[in-house]
Amino acid sequence: MTENFQESIENDTIAAISTGMVTAGISVIRVSGPEAVDVADRVFFCGKKKLKEQRTHTIHHGKICDKSGVMIDEVLVMLMRAPHTYTGEDTVEINCHGGLYVTTRVLDEVVQAGARLAHPGEFTKRAFLNGKMDLSRAEAVAELIEADNERARKAAAGQLAGKEEVLIRKYQEDILLIMAFAEAALDDPEHLSVDDEIDHIKAQLTDMLEALHDLHRTAGQGKLIKEGIRTVICGKPNAGKSSLLNRLLGENRSIVSNIAGTTRDTISEKVNLGTFTLNVIDTAGITQTDDPIEAIGVERAEDEIEKAQLVLYVADGSTPLDENDRQIARQIAGKNVICLINKMDLKQAFEEKDLLELLDEEKKTEDRVIAAISAKSGEGINELKKEIEKMFFGTDISGQDEVILLGKRHEYALAEAVTALEQTITGINQKISEEFWLVDLKDTYDRLGEITGDTVGENLIDEIFSKFCMGK
Ligand SMILES: Nc1nc2c(ncn2[C@@H]2O[C@H](COP(=O)(O)OP(=O)(O)OP(=O)(O)O)[C@@H](O)[C@H]2O)c(=O)[nH]1
Ligand SMILES: [Mg+2]
């Protein structure tokens, strides 16, 4: 439980730069701990005013000075007293000017005045240890900072708002009630009987198992949202693959030319499409070739198709389908494919049904869509984004409401909870004595507790917070 760690809270005052280490208009230096206000009073001057005598949650204008009284910067200071602060401790935030040097100088003064430099994630760790948030919400802070698309932000914000915690604690509560009843029945067999309630208990646990399975399945989505969809752009030479990458990126990253075989090696880029992210690999055109270098490129393209979660097959709409397209159709069989008929701005040399026929002659692709685009003009690109979103997430962003597991730790803990719950139900089905299946049920409870942080060890807590950024 959180209380187990209470004695291990280091009772000193910590400080760090909470804004990024880049030159900016303003930087924030956060100071937290029992001495935070005294430390600030040693470096902050505003006439005769002492922060110690001021009300909580007030802002003060003044200057930070060194020991000899020379001004280092003109600042705004936010005074926030425990317990209504992020860490649950007395906190002072100094808004100074955002030059790297001046910010570091202000931090130096704060440290010389008695604060210790904070470790990465130490403010949030204190928030957790002081019971301001459960572990799932504390981790959501890091997820939110790292989020690079709207789906990731939304999932992290939901977790920060406690959506996952509330859900997990609800299951824990249900388990606790069953355990309490079973244990009461063991103590008082004359008046209470588990056997009388066993069908009801089993039904309840079976429903819970289904819900936990569903929740566990969201981890796949979480991974896609966080890490991006591994996407390969393939097609025959000159089809417009590199033009498509450039169009998606909004910049000329990959060399485009009318010479077939321009792209020789694979090129990887992270493409942020607003609501989700693609990890796109542009490849060499697939063709039969005697050129040994081009052949290596083709081999790499084929390897990338194997590993891809999404294949964007670019067909050149201005030239007839040929043997190269047939070879590609074989390569992409069984994958999630979006077939793009590119160069829709030019006279078309074949129709959509011709491409469908070609694909169907080869093995059927898992899930495929055909769309016309022009990588050159950008026509059809928005529709392409929508198709990808539909293929991987089912709905647009407004439909993303459920809790989505972010992070392996949550996924593993939940998988173990599912296993323990399955064992509980198996035990009940086998009519073993409740003392035995109660052990598995308690295990389910504990595994769920790993997500909220109720049942994790101190080492794990340290490990989790050490991955946070400095100043958070
Ligand atoms: N009209 C028109 N031309 C396009 C379009 N897309 C690409 N092109 C042109 O087609 C040629 C080949 O484009 P690339 O993007 O280099 O094609 P690629 O598939 O990467 O070619 P390789 O790397 O050689 O395999 C260039 O001259 C592009 O300007 C399009 O939508 N319309
Ligand atoms: Mg190319």
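**Figure 1. Exposed and buried residues of helix H15.** On one side of helix H15, Asn459, Glu463 and Ser466 are exposed. In this predicted model, the helix spans residues 458-466, and Ile461, Ile464 and Phe465 in it are buried. These three lie on the same side of H15 because they cover an arc of only 90° around the axis. An α-helix has 3.6 residues a turn, so residues three or four places apart point the same way. The buried residues of H15 are covered by elements that include helix H3 (122-129) and helix H4 (135-146).

Figure 2. Strand S11 takes in residues 310-316, and seven of its seven residues are buried. One side carries Leu310, Leu312, Val314 and Asp316, all buried.

**Figure 3. Strands paired with S11.** Strand S8 (residues 229-235) pairs with S11 in the parallel sense, over five bridges. Leucine 310 in S11 is the bridge partner of threonine 231. S11 is also joined to strand S12 (residues 336-342), by six bridges, and these two strands run parallel. Here valine 337 of S12 is the bridge partner of valine 311. Between S11 and S12 the chain passes through helix H10 (residues 323-331), and this β-α-β crossover is right-handed.

**Figure 4. Surroundings of valine 311.** Neighbours within four places in sequence are left aside in this view. The residues in contact with valine 311 are then Val232, Cys234, Ile305, Ile332, Lys335, Asn336 and Val337. Among them, Val337 is also the bridge partner of valine 311 in S12.

**Figure 5. The largest nonpolar core.** This core has 110 residues. Val110, Val311, Tyr313 and Leu340 are the residues with the most contacts inside it. Helix H7 (residues 194-227) gives the most to the core, contributing eight residues.

**Figure 6. Domains of the protein chain.** The domain assignment gives domain 1 as residues 2-134 and domain 3 as residues 229-399. Domain 2 is assigned two segments, 145-224 and 407-453. The centres of domain 1 and domain 3, taken over C-alpha atoms, are separated by 52 Å.

Note on methods. Residues are numbered from 1 along each chain as its sequence is written. Chains are lettered from A and ligands numbered from 1 in the order in which they are written. This is a predicted model: local features need pLDDT of at least 70, side-chain atom pairs count only at pLDDT 80 or more; totals for chains, interfaces and linings use all residues. A nonpolar core is a set of buried Ala, Val, Leu, Ile, Met, Phe, Trp, Tyr and Cys residues joined through C-beta atoms within 7 Å. A residue is buried if 20 or more other C-beta atoms lie within 10 Å of its own, exposed if 12 or fewer, and partly exposed in between; C-beta atoms are placed from the backbone. Helices (H or I, at least four residues) and strands (E, at least two) are DSSP runs, numbered from the N terminus. Two residues are in contact if their C-beta atoms, placed from the backbone, lie within 7 Å. The arc is that of the directions from the helix axis to the C-beta atoms. Two strands pair if DSSP finds at least two bridges between them. A crossover is right-handed if, with the strands pointing away from the viewer, the path from the first strand over the helix to the second runs clockwise. Domain bounds come from an automatic or database domain assignment.
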